Amino acid sequence: MADEVLVYINKHRTEMGLPKLQMDERISEIAEKHSRNMANDNIPFGHSGYDDRMKAISKKTDHITATAENVALGDVDAKEVVKMWLDSKMHRKNIEGNYNLTGVGIAKDKNGALYFTQIFVLNK
């Protein structure tokens with residue numbers, strides 16, 4: 001489903017005249033870990049530990065000049081989560097931002113709810 005999220009994100013970016021984002025597995029691993037931690041109630045839903053995640057990404061990816069993160073929770077598919085983000089001013093700003101790499105991580109909690117994390121990175 002992570003690849004589907006990227007398809008819908010890139011479809012929107014293309015419609016806006018923006019370049020497509022490239023999926024980076026190193027970033028996706030970090031995004032997935034955050035989603036798992038939220039799904040397992042290790043941390044609250046949200047952006048707790050954002051700075052630590054960005055430091056971890058900079059250790060794996062050189063020349064990072066900007067980052068952002070979207071999270072979502074619900075019983076939704078890839079198309080619906082992207083629509084939720086696009087309907088939110090701040091999430092849309094991240095989607096339309098000056099980034100070239102991304103990572104998407106998804107985890108399911110014990111009740112079947114999905115936790116989504118998408119990290120955006122500008123790597124020059």
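**Figure 1. Asp 24 is in contact with Leu 101, Thr 102 and Gly 103, leaving aside its neighbours within four places in sequence.** Contact means that heavy atoms lie within 4.5 Å. Welcome to this predicted model, where local features need pLDDT of at least 70, side-chain atom pairs count only at pLDDT 80 or more, and totals for chains, interfaces and linings use all residues. Residues are numbered from 1 along each chain as its sequence is written, and side-chain values use heavy atoms, with hydrogens and water left out. You will find Asp 24 in the loop between β1 and α2. Helices (H or I, at least four residues) and strands (E, at least two) are DSSP runs, numbered from the N terminus. Is Asp 24 buried or exposed? With a relative accessible area of 8%, Asp 24 is buried; the cut-offs are under 20% for buried and over 50% for exposed, with partly exposed in between (1.4 Å probe, protein chains only).

**Figure 2. Here is the whole protein, with its five helices and four strands.** Starting at the N terminus, the elements follow one another as α-β-α-α-β-α-α-β-β. A box of roughly 40 × 30 × 25 Å, taken along the principal axes, holds the C-alpha atoms. A compact globule of 124 residues would have a radius of gyration near 14 Å, and the 13 Å of this protein agrees with that. The radius is taken over C-alpha atoms, and the globule rule is 2.2 Å times the number of residues to the power 0.38. Of the 124 residues, 44% count as buried. The accessible surface comes to about 6,800 Å², and 49% of this belongs to carbon and sulfur atoms. Such areas come from the Shrake-Rupley method with a 1.4 Å probe; for residues, only the protein chains shown count as cover. Among contacts with a separation of 6 or more, 67% come from residues 24 or more positions apart.

**Figure 3. Four strands line up as an open sheet in the order β1-β3-β4-β2, with mixed pairing.** At the edges are β1 (22-23) and β2 (64-74), each of which pairs on one side only. Helix α2 (residues 25-39) packs on this sheet and touches β1, β2, β3 and β4, its direction making about 30° with that of β3. Angles run from 0 to 180 degrees between N-to-C directions, and the axes are lines fitted to C-alpha atoms, for helices over the stretch in contact. Helix α3 (residues 50-60) lies across β2 and β4 and runs at about 130° to β2.

Figure 4. Two strands pair if DSSP finds at least two bridges between them. How many bridges join β3 to β4? Eight bridges do, between residues 101-108 of β3 and residues 114-123 of β4, which run antiparallel. Val 104 stands opposite Gln 118 in β4, and Ala 107 has Tyr 115 of β4 as its bridge partner. The hairpin of β3 and β4 has five residues between the strands, and Gly 112 in the turn has a positive phi of about 95°. With β1, strand β3 pairs in the parallel sense over two bridges; Met 23 stands opposite Thr 102 of β3. Six of the eight residues of β3 are buried, which leaves the strand mostly covered. In a regular strand, side chains alternate between the two faces of the sheet.

**Figure 5. Arg 53 and Glu 69 meet through their side chains in a salt bridge (2.8 Å, N to O).** Arg 53 sits in helix α3 and Glu 69 in strand β2, so the pair ties together parts that are 16 residues apart in sequence. Both Arg 53 and Glu 69 are buried. A salt bridge is a side-chain nitrogen of Lys or Arg within 4 Å of a carboxyl oxygen of Asp or Glu, and the count by this rule comes to seven.

**Figure 6. Two further salt bridges to look for are Lys 60 with Glu 29 and Lys 83 with Asp 87.** Between the side chains of Lys 60 and Glu 29 the N to O distance is 3.7 Å. This pair links distant parts of the chain, with Lys 60 in helix α3 and Glu 29 in helix α2, 31 residues apart. Lys 60 is partly exposed, at a relative accessible area of 40%. For Lys 83 and Asp 87, the closest N and O atoms are 2.7 Å apart. Lys 83 is exposed, with a relative accessible area of 51%, and Asp 87 is exposed too, with 55%.
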